Amino acid sequence: PADYESSHKKYPVIYMHDGQNLFDAFTSGYGEWGVDEIMDKIPAKDQSIIVGIDHGGDHRMSEYDPYDSKYGKAEGDKYVDFLVKTLKPYIDQRYRTKADAKHTTIAGSSMGGLISMYAILKYPNVFGNGGIFSPSFWIAPEIFNYAELHLNSKSRFYLVCGDSEADGIMVEPMEKMVKLVRSKGINEQNSPETIVKGAKHNERQRNGDFPAFYAWLIGESGSR
């Protein structure tokens, strides 16, 4: 945050997957979200600490999947445990963070959207908010049964995808998840759903989606 060095206050934290793609096109294999430029436009008082977690390259598909698939043996469970038991304690110790679940968010797109959803379901007392961008629920249908059993009514989800992503494969599973979330008493304000007409599966779309997500996020859990 712009005022981190000049203040003594604590800040909300957003943990984001695919760290290579968040801030710099040079480190990305397929474009950047431009999160840093977006945050520069946010008033300093409403900014957050953002932790970008690099993916494991060729292991990304299995790393972000809590279930075995044709792409490999699942590593998602271990990855989420690493975030909670190793990374978050390190960040909370090293930086001035608001460490409670209300001010801790996890976000990502595609496989990152899938593992973000899983992380909140498994650790609702750690991650209170989720940015679920273009989630690859289609690859892991087991996530719906897990959600049925583990959804916490206090969790907040922002779900968004484009209707032109992968021939529309993202829309139906995401709508199914939204209905499941709402059935657990999580109202529309705490689980908004956005389907962007004509939007495709790329980082340019994430750049367009992020400002609205962040505005929703700080409406409840920001640093105001």
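**View 1. Lysine 88 and aspartate 92 sit about one helical turn apart in helix α3.** The two residues are four apart in this predicted model. Helices here are DSSP runs of H or I with at least four residues, and strands are runs of E with at least two, both numbered from the N terminus. Lysine 88 and aspartate 92 form a salt bridge, with their closest N and O atoms 2.6 Å apart. A salt bridge needs a side-chain nitrogen of Lys or Arg within 4 Å of a carboxyl oxygen of Asp or Glu. Lysine 88 is buried, at 8% relative accessibility. Aspartate 92 is partly exposed, at 23%. Buried means under 20% relative accessible area, exposed means over 50%, and partly exposed lies in between (1.4 Å probe, protein chains only).

**View 2. Asp77, Asp81 and Lys122 are linked in a network of salt bridges.** Aspartate 77 pairs with lysine 122, and their closest N and O atoms are 3.0 Å apart. Aspartate 77 lies in helix α3 (residues 76-94) and lysine 122 in helix α4 (residues 111-122), so this pair ties together parts that are 45 residues apart in sequence. Aspartate 81 also forms a salt bridge with lysine 122, with the closest N and O atoms 2.9 Å apart. That pair links distant parts of the chain too: aspartate 81 in helix α3 and lysine 122 in helix α4 are 41 residues apart. Aspartate 77 is partly exposed, with a relative accessible area of 30%. Lysine 122 is partly exposed as well, at 24%. The structure holds seven salt bridges.

**View 3. Glu172, Glu175, Glu188 and Glu193 form a negative surface patch.** Glutamate 172 lies in helix α6 (residues 171-183). Its relative accessibility is 63%, so glutamate 172 counts as exposed. Patch residues have over 30% relative accessible area and no salt bridge; like charges are joined within 9 Å, and nonpolar side chains (Val, Leu, Ile, Met, Phe, Trp, Tyr) within 5 Å. Asp and Glu count as negative, Lys and Arg as positive; His and the chain ends are not counted. A charge is placed at NZ of Lys, CZ of Arg, CG of Asp or CD of Glu.

**View 4. Tyr71, Trp138 and Ile169 form a nonpolar patch on the surface.** Together they have about 280 Å² of accessible area. Such areas come from the Shrake-Rupley method with a 1.4 Å probe; for residues, only the protein chains shown count as cover. Isoleucine 169 sits in the loop between β5 (156-162) and α6. Isoleucine 169 is partly exposed, at 34% relative accessibility.

**View 5. The protein chain has seven helices and six strands.** From the N terminus, the elements run β-α-β-α-α-β-α-β-α-β-α-β-α. Of the 224 residues, 54% count as buried. Among contacts (heavy atoms within 4.5 Å) between residues at least 6 apart in sequence, 73% join residues at least 24 apart. The accessible surface of the chain comes to about 10500 Å², and 51% of it belongs to carbon and sulfur atoms.

**Notes on the model.** Residues are numbered from 1 along each chain as its sequence is written, and side-chain values use heavy atoms, with hydrogens and water left out. In this predicted model, local features need pLDDT of at least 70 and side-chain atom pairs count only at pLDDT 80 or more, while totals for chains, interfaces and linings use all residues.
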